Structures are given as C-alpha cells and as structure tokens.
Amino acid sequence: MQHPPPPVASVAVMEFRGSKSPFDCLLLDLDDTLYSSTIGIRQACKKNIEDFLASKCGVSEGRASALRVEHFRSHGSSLAGLLALGYDVHPDEYHSFVHGRLPYELIRPDAGLRELLLSIPQPKILFTNSDRQHARRTLRRLGVEEDCFHRIICFETMNPHLFKDEREAGSSGPLPATRNVEVILKPSAAAMKMAVWLAGFAPHRTLFVDDNERNIAAGKAIGLRTALVIPPPSPSPAFLGDSYIEQSHVLFLKVGKRERTKEDDYLLDSISELRQVIPEIWGEQEKKGGGEHGAVTTMRRDLDSIRETTPIGA
Ligand SMILES: [Mg+2]
C-alpha cells in the first residue's frame, strides 16, 4: 500500500529561517496564475471540455456549453459532473482530451517568472486542479524546472481513489455501483485541507496565490493568507470577453454588501508583481499606500466580499 508523502515542512531545508518574512511556505496555482489568463489557453480548454461533453454525452454544441457551466456549478468540474451522473469516464481519458489537445505553443518561456520563483527562499508548492502531465508540460513551456517546487499537488494527488480499477480482474463489466467517484478539487475544504497537510506549515504563515476567487475564499476559510491574481480591466472592449468577466467579476462588485477586509490579503495584476506587492515574502518591508500600487492596496480590502461569487470555469 502506498503511503502519503511526508509534509514538505518535515523535509524542506529551512534556509530562510531567521528571516523577517511572515511566510514559511507558498502555495501557487498554475493555470491563469503563473501565466496570463488572456493568452488563449483558458478558452481552448473550455472548447475542449465542450467537445468532450458533446462526444461523451451526445449533446449539441450549444447544449455542451450550458452543460459545462451546469457541471461546474453543481459538481465543481465537468469530470466530476460526468462521474456523478454515472458516466464511465477515466480521468486520464478526460485529461488527455481536454488538456492534451491544448495549444501549448501559446505558453511562452518566461525567464522573469523563473527568476522570480528561484528568488523565493521559502518552499514553494504547486497546487493545481490540473493533471500532472499538464502541469509538467506547462512548466516546461514556461521554462520553469519542476524541481523549482518542493511538491506538486495536482489532480492525481487529490484523487488517488479514481485511479484504482475496481472491476474484477479480467472483467470488462460495469464498475461496482458503490464505487467512490467523488472528485476532490479546489475549492473544496477537503482539497484545501490536504494541501495544508502536505505542506505542513501553519496556515497563517502560508501564502496561497491563485486566480480564482472561490479558491481564495476557501483558502481564507482555513486560515491561509491569500493573494488573488487577476488582470486589470482593459480599456479595449474586445478584451472584455466572457472569460475575463467570469474571472474578474470581483472588479465589478461595486454594488451590494461589502465586508471589512483583513489587511493580510493581496491583489496582483500578474504574478510578476509579486515582489512589488508582497515584498514581505523576502523579509522586506511592505510599501505603505499610494504610489504605483495604491489601487491594488485599496482593492485588497475588498477580498472578503467575494465569498459568494460563482465564477464559471472548467
Ligand atoms: Mg488557476
């Protein structure tokens, strides 16, 4: 029987101990966080999901789009929705269709990102809902070595039970009706708790960086410190496509109730702003108000108002 790996905290070298940083560890999302949500990968992924739903469920193109949204809202992902409805879909089949066909050439090498990640002294953990092959492929495209991270927490990490073949040996019959097909993904509490356990650091000293507001809210709910990566509004109307609005509606929450927000949340236009907006990671002093990131400082106060938001994704 395979045992879970020990927490990163028990094996990581703590060179940064003694620094003034309030963070012992960083949990970093991958898609739309380490690269921009506007390069076309996100849209291509949605299209692939809809094509998969059409081929698997035999629905029309228009219905597939609505079905993707329904699955996301009711089950957290299309794969989770299909499994819950009884479709015999193996995660590898789904991921090879949905991720394996992505236009990876759109992800360009990012030397600045690599340099940024290497400069962070704390252990870094990649925490993604995507499958491991996609994570590796994406990191390769970005020019970031996998061992830049102390651990990769991905779909397979969170869902080992989905990779056990519970059929009788040699049988091609249906899977047992009692088969556990629950899919564990961000922003579920189970996924967040697993990540915190696998990291092994106190949540209040762990910085969670993600582009999804629901994930950020889930991170806050278990005590993580959080940074939401979200591109700024563009003056170009063409940029305001559905993907952008789905991802960024926090920017448009100018109406409705807003709660007071703790100061320990951050908002980034892109991961490249990490050093400017959160210099505390490196034990450097936080810049106070005004300046280039004055708007960012103001926006971070609004993060507690995002708990009830429902972005539409995969
Ligand atoms: Mg993401």
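## Helix packing and strand pairing in a predicted model

The protein chain holds 12 helices and six strands, where helices (H or I, at least four residues) and strands (E, at least two) are DSSP runs numbered from the N terminus. This is a predicted model, in which local features need pLDDT of at least 70, side-chain atom pairs count only at pLDDT 80 or more, and totals for chains, interfaces and linings use all residues. Residues are numbered from 1 along each chain as its sequence is written.

Of the 314 residues in the protein chain, 37% are buried, a residue being buried if 20 or more other C-beta atoms, placed from the backbone, lie within 10 Å of its own.

Helix 1 (residues 41-57) and helix 2 (residues 61-75) pack at an angle of about 110°, with their axes 8 Å apart; axes are lines fitted to C-alpha atoms, for helices over the stretch in contact, and angles run from 0 to 180 degrees between N-to-C directions. Helix 1 and helix 2 are therefore roughly perpendicular to each other, a term covering angles of 65 to 115 degrees. The residues that make this contact are tabulated below, with contact meaning C-beta atoms, placed from the backbone, within 7 Å.

| Helix | Residues in the contact |
|---|---|
| Helix 1 | Lys46, Ile49, Glu50, Leu53, Ala54, Cys57 |
| Helix 2 | Glu61, Ala64, Ser65, Leu67, Arg68 |

Strand 5 (residues 225-229) and strand 6 pair in the parallel sense over four bridges, pairing requiring that DSSP finds at least two bridges between the strands. Thr226 stands opposite Asp265 in strand 6. Strand 6 (residues 265-268) is covered on both faces, with Asp265 and Leu267 buried on one side and Tyr266 and Leu268 buried on the other.

Key: Angles under 35 degrees count as roughly parallel, over 145 as roughly antiparallel, 65 to 115 as roughly perpendicular and the rest as oblique. Two residues are in contact if their C-beta atoms, placed from the backbone, lie within 7 Å. A residue is buried if 20 or more other C-beta atoms lie within 10 Å of its own, exposed if 12 or fewer, and partly exposed in between; C-beta atoms are placed from the backbone.
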